[in-house]
Amino acid sequence: MMSKLRLQPEAVGLGMTSQRVRDRLVQRLRDNGIANENVLNAIRTVPRHLFIDEALASRAYEDTALPIGHSQTISQPWVVARMTEALLQNSPNKVLEVGTGSGYQAAVLAALGMEVYTVERIGDLLRQARKRFRTLGLNVRSKHDDGRIGWPEHAPFDAIIVTAAAPALVDSLIGQLAVGASLVAPVGGPSSQSLLKLTRRADGGVDEVELAAVSFVPLLSGTLD
Ligand code: SAH
């Protein structure tokens, strides 16, 4: 799939955190096994410093998770890249994300030309993420809800990405996958989680592969303002 980067240049803020710093992050991701050029290009282009508090902006292009308030984090760039790479294998068009958080992962998917639906349970985080989508001119549809129910009105999806960890895969989400579509999600308890990719087969079964060991904040129930 061709990368269709739909960012307005003035919003990308190249002056603030230099291209050199971003290129160094991309090189680090390459060194750590990320090979998909479209994914690397999206990471280079999406201004991660706009997805975190200004006080942390100088650390935006380090390969690390950072706090975004409400005990939540923006995911580590390597994890975002790995999950995105796994999803791209099926050339998805319509993708559902559970756990908008800062909006960074959704922005990376949108920058790659996907039609993104994202659900966040914490209203305050979602409001901030929506502002960022508007500033960057990204077409992301979002709702404030418990994402474990997915977004049935827009199902089936070509891909689903869950960015918070649960002890087991959520059945209702698997039910919203199109045939041949994949779900990428961290599964496990607080101390040890596996990033799983599950693909829905035409015969109704699912294929499962383990991609990496990861560490995510927990998938919780209900909503908060
Ligand atoms: N994709 C985000 C990662 C944020 S951390 C980013 O790129 O910044 C995970 C997010 O999942 C948190 O914001 C948390 O509030 C949210 N979350 C946890 N359980 C959820 C649920 N059941 N439904 C929707 N969002 C949930």
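Which residues does D145 touch, not counting residues up to four places away in sequence? I looked this up and found V119, E120, R121 and T223, where contact means heavy atoms within 4.5 Å.

**Entry 1: ground rules**

I am working from a predicted model, in which local features need pLDDT of at least 70 and side-chain atom pairs count only at pLDDT 80 or more, while totals for chains, interfaces and linings use all residues. Residues are numbered from 1 along each chain as its sequence is written, and side-chain values use heavy atoms, with hydrogens and water left out.

**Entry 2: D145 and its loop**

I placed D145 in the loop between β5 and β6. Helices (H or I, at least four residues) and strands (E, at least two) are DSSP runs, numbered from the N terminus. D145 counts as partly exposed because its relative accessible area is 23%; buried means under 20%, exposed over 50%, and partly exposed in between (1.4 Å probe, protein chains only).

The peptide bond from A155 to P156 is cis, with omega near 0°.

**Entry 3: the listed site**

I looked for annotations and found that UniProt, in an unreviewed entry, lists S75 under "active site". UniProt positions are given in the numbering used here, feature names are shortened, and annotations may be inferred rather than shown by experiment. S75 sits in the loop between β2 (72–74) and α4 (77–88). Leaving out residues up to four places away in sequence, S75 touches R48, T64, A65, V80 and F216.

**Entry 4: the largest pocket**

I then turned to open space. The largest pocket holds about 450 Å³. Of its 36 lining residues, Q72, G99, T163, A164 and V217 are the closest to its centre. The elements giving two or more residues to this lining are β2, α4, β3 (94–98), α5 (104–111), β4 (115–120) and β9 (206–214). By type, the lining divides into 19 nonpolar, 12 polar and five charged residues.

For the terms, the search runs on a 1 Å grid over the protein atoms alone: a pocket is an open set of points with protein on both sides within 12 Å along at least five of seven lines, a cavity is a set where a 1.4 Å probe fits but cannot get out, and lining residues have an atom within 4 Å of a point. Grid points are joined across faces, edges and corners, and a volume is the space filled by probe spheres set on the points. Ala, Val, Leu, Ile, Met, Phe, Trp, Tyr, Cys and Pro count as nonpolar, Asp, Glu, Lys and Arg as charged, and the others, Gly among them, as polar.

**Entry 5: the cavity**

How many cavities of 30 Å³ or more does the structure hold? I found one. The largest cavity has a volume of about 50 Å³. Its lining divides into 12 nonpolar, no polar and no charged residues. Strand β7 (residues 177–188) gives the largest share of that lining, four residues.

**Entry 6: nonpolar cores**

A nonpolar core is a set of buried Ala, Val, Leu, Ile, Met, Phe, Trp, Tyr and Cys residues joined through side-chain atoms within 4.5 Å. The largest one has 51 residues, and L29, I43, V95, Y104 and V116 have the most contacts inside it. α4 gives the most to this core, with eight residues. A second, separate core of 21 residues includes L96, W151, L177 and A181.

On α5, eight of its eight residues are buried. After α5 comes G113, with a positive phi near 90°.

**Entry 7: positive phi outside glycine**

S71, in the loop between β1 and β2, is not a glycine but has a positive phi of about 60°. S71 counts as exposed because its relative accessibility is 70%. S91, in the loop between α4 and β3, has a positive phi near 40°. S91 is partly exposed, with a relative accessible area of 49%.
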